[in-house]
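Reader: I'm new to protein structures and would like to learn how to read one. Could you walk me through this one?

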Amino acid sequence: MSVESRQSSAPARVDEVLARVREAGGRATTSRRILLERLFAEGSHKTAEELAHEVQRIAPDVHLSTIYRNLEELERLGVVTHAHLGHGPATYHLATETHGHLSCESCGATLEAPLGLFDGLAEAARAAFGFEIDPRHFAVLGHCAACRAREAGAEAD
Ligand SMILES: [Zn+2]
Ligand SMILES: [Zn+2]
Ligand SMILES: [Zn+2]
């Protein structure tokens, strides 16, 4: 498996995304711009509430419901996608970052996995059930290498 899992195409800039929103008949509102800036900023996989807190730090009068509505619209336009990484609420990131997720149930760490990792499963599911899996939508839960090493160490004692 190649280590170069990340999509090499650089994510579009906020202005390019807003241009796309306008082309699709949406409005490039201030709250939408701030929200996109937060999504482009370091650290993806934020919940709607986390994003709302960040937006409200800049524009305190933006309501959580507005954030939800904006996320929904941006998702409909194919700019943003969400993923379920565990038991918590959905997390959002830019659609340009396509990857699967491996989520540790012990420490909560999330690994971004290249979609190719799921090729074998995708083929098997298609062949056996005619089912097309979407590995971007849900995380595969399990235990990360660090936690497994710690658990193995504890057992050895
Ligand atoms: Zn992700
Ligand atoms: Zn979902
Ligand atoms: Zn872990």
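**Helices, sheets and how they pack**

Author: Let's start with a pair of helices: H3 and H4 pack at an angle of about 115°, with their axes 9 Å apart. The model is predicted, so local features need pLDDT of at least 70 and side-chain atom pairs count only at pLDDT 80 or more, while totals for chains, interfaces and linings use all residues. Residues are numbered from 1 along each chain as its sequence is written, and chains are lettered from A and ligands numbered from 1 in the order in which they are written.

Reader: What do the helix names and the angle mean?

Author: Helices (H or I, at least four residues) and strands (E, at least two) are DSSP runs, numbered from the N terminus. Axes are lines fitted to C-alpha atoms, for helices over the stretch in contact, and angles run from 0 to 180 degrees between N-to-C directions.

Reader: Which hand does the crossing of H3 and H4 have?

Author: The general idea: a crossing is left-handed if the near helix is turned anticlockwise from the far one by less than a right angle, and right-handed if clockwise. Here, H3 and H4 cross in the right-handed sense.

Reader: Which residues of H3 and H4 meet?

Author: Two residues are in contact if their C-beta atoms, placed from the backbone, lie within 7 Å. On the H3 side you'll find Ala48, Glu49, Leu51, Ala52 and Val55, and they meet Leu64, Ile67, Tyr68 and Leu71 of H4. By class, that contact has eight nonpolar, no polar and one charged residues. (Ala, Val, Leu, Ile, Met, Phe, Trp, Tyr, Cys and Pro count as nonpolar, Asp, Glu, Lys and Arg as charged, and the others, Gly among them, as polar.)

Reader: How do H2 and H3 cross?

Author: The axes of H2 (residues 30-40) and H3 (residues 48-58) come within 9 Å, with a crossing of roughly 120°. That makes H2 oblique to H3; angles under 35 degrees count as roughly parallel, over 145 as roughly antiparallel, 65 to 115 as roughly perpendicular and the rest as oblique. This crossing is right-handed. H2 brings Ser31, Ile34, Leu35 and Arg38 to the contact, and H3 brings Leu51, Glu54, Val55 and Ile58. Sorted by class, they are five nonpolar, one polar and two charged.

Reader: And which residues join H2 to H4?

Author: First the geometry: the axes of H2 and H4 come within 10 Å and cross at roughly 75°. H2 and H4 are therefore roughly perpendicular to each other. Ser31, Arg32 and Leu35 of H2 meet Thr66, Ile67 and Asn70 of H4. That contact has two nonpolar, three polar and one charged residues.

Reader: Which residues of H2 are buried?

Author: A residue is buried if 20 or more other C-beta atoms lie within 10 Å of its own, exposed if 12 or fewer, and partly exposed in between, with C-beta atoms placed from the backbone. In H2, the buried ones are Arg32, Ile34, Leu35, Leu36, Arg38 and Leu39. They pack against H1 (14-23), H3, H4 (64-76), E2 (80-83) and E3 (91-94). Across the protein chain, buried residues make up 18% of the 157 residues.

Reader: How do I read a sheet?

Author: Strands of a sheet pair through backbone hydrogen bonds, either parallel or antiparallel. Two strands pair if DSSP finds at least two bridges between them. One open sheet has three strands in the order E1-E3-E2, with antiparallel pairing. E1 (46-47) and E2 are at the edges, each with a single partner strand, so one side of each is left without a neighbour in the sheet. E1 and E3 are joined by two bridges, and Thr47 has Thr91 in E3 as its bridge partner. H4 lies across E2 and E3, running at about 110° to E2.

Reader: In what order do the strands E4, E5 and E6 stand?

Author: They form an open sheet in the order E5-E4-E6, and the pairing is mixed. The edge strands are E5 (110-113) and E6 (140-142), each pairing on one side only. From one strand to the next, the twist averages 25°. E4 (residues 100-104) pairs with E5 in the antiparallel sense over four bridges. His101 stands opposite Glu112 in E5, while Leu102 has Leu111 as its bridge partner there.
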